[in-house]
Amino acid sequence: MSDRYAVIGNPIGFSKSPLIHGMFAKMTGQDLVYEAIETPLDGFSDRVDQFRTEGAKGLNITAPFKLDAFEYANELSESADRAGAANCLKFVGDRIIAENFDGIGLVRDITVNLGVKLAGRRVLMLGAGGAARGALLPFLRQEPAELVLVNRTLPKAVALAEEFAGCGPLIVSGYAELADLTEGYDVVVNATSASLRGEMPPLPRNVFRGAELAYELAYGKGLTPFLQAGRAEGVAKLADGVGMLVEQAAEAFAWWRGVRPSTAEVIAELTVPLS
């Protein structure tokens, strides 16, 4: 009988995870089935309980259940603990182990797939929500010269910086202060939800001066206002989050199955041209 895995969320119809893990299983010869589960907003624990009794081996988690998954687990990886959220669970007997691969997938996409180094570079991250929180530790482990976290609500960014104090050169800022920059950043990452609404963060254009990469965490949206601004300012490389999506899935697959699949073919399959 094939091992069972799934992604759980609400809504879930948009999820690419079944396609991604199906391709991974085929290319690695792994015997598994992978499904999508939509559950009511107040039904996470009951549905996962049921899935486990059916013999499930693991679960990917998407919005809005990453905090629920964190609370449901009885073991936390450092990444999940730091992020305060889980995007992946593994079931081993009575153990419910939580991981968060979002930041690891993002860093791998930037450094490996896009060939942009983070070590010694100046990085600007927009937003201080769950996406940014999950990315901070993996980014800081790359030893950037500085990582500036900017948010509309400064106290939220300050609280995050206090949590990650001692992990690396993390600085917080409001958007207004960025207008006084005398030099730009090497890498600018949009971890806000603005692009999902077709909006642009209140970002002065000078932050793109000399940038090598503008990275949009949203994927499949084409040339978002953020990426349009980067292109207009001459940023060398533009990317959306499809590579992050596939890389975090590959990390989960390797964690579950002990073999890491190749990602290039899957990224190519899912890429929407930035035009």
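Domain bounds here come from an automatic or database domain assignment. Welcome to a predicted model, in which local features need pLDDT of at least 70, side-chain atom pairs count only at pLDDT 80 or more, and totals for chains, interfaces and linings use all residues. Residues are numbered from 1 along each chain as its sequence is written, and side-chain values use heavy atoms, leaving out hydrogens and water.

**View 1. Two domains of the chain.** The assignment gives domain 1 (3-99) and domain 2 (103-242). Their C-alpha centres lie 27 Å apart.

**View 2. Where the domains meet.** Here 7 residues of domain 1 are in contact (heavy atoms within 4.5 Å) with 9 residues of domain 2. About 610 Å² is buried between them, counted as the accessible area (1.4 Å probe) that the two parts lose on being put together, summed over both. Ser79, Arg82 and Ala83 supply 72% of the area that domain 1 buries against domain 2.

**View 3. A salt bridge.** Glu78 and Arg141 form a salt bridge (a side-chain nitrogen of Lys or Arg within 4 Å of a carboxyl oxygen of Asp or Glu). Their closest N and O atoms are 2.6 Å apart.

**View 4. Strands 11 and 12.** Strand 11 (residues 213-216) pairs with strand 12 over 3 bridges, and Ala214 has Leu238 as its bridge partner in strand 12.

Notes: Pairing = 2+ DSSP bridges. Helix = DSSP H or I, 4+ residues; strand = E, 2+ residues; numbered from the N terminus.
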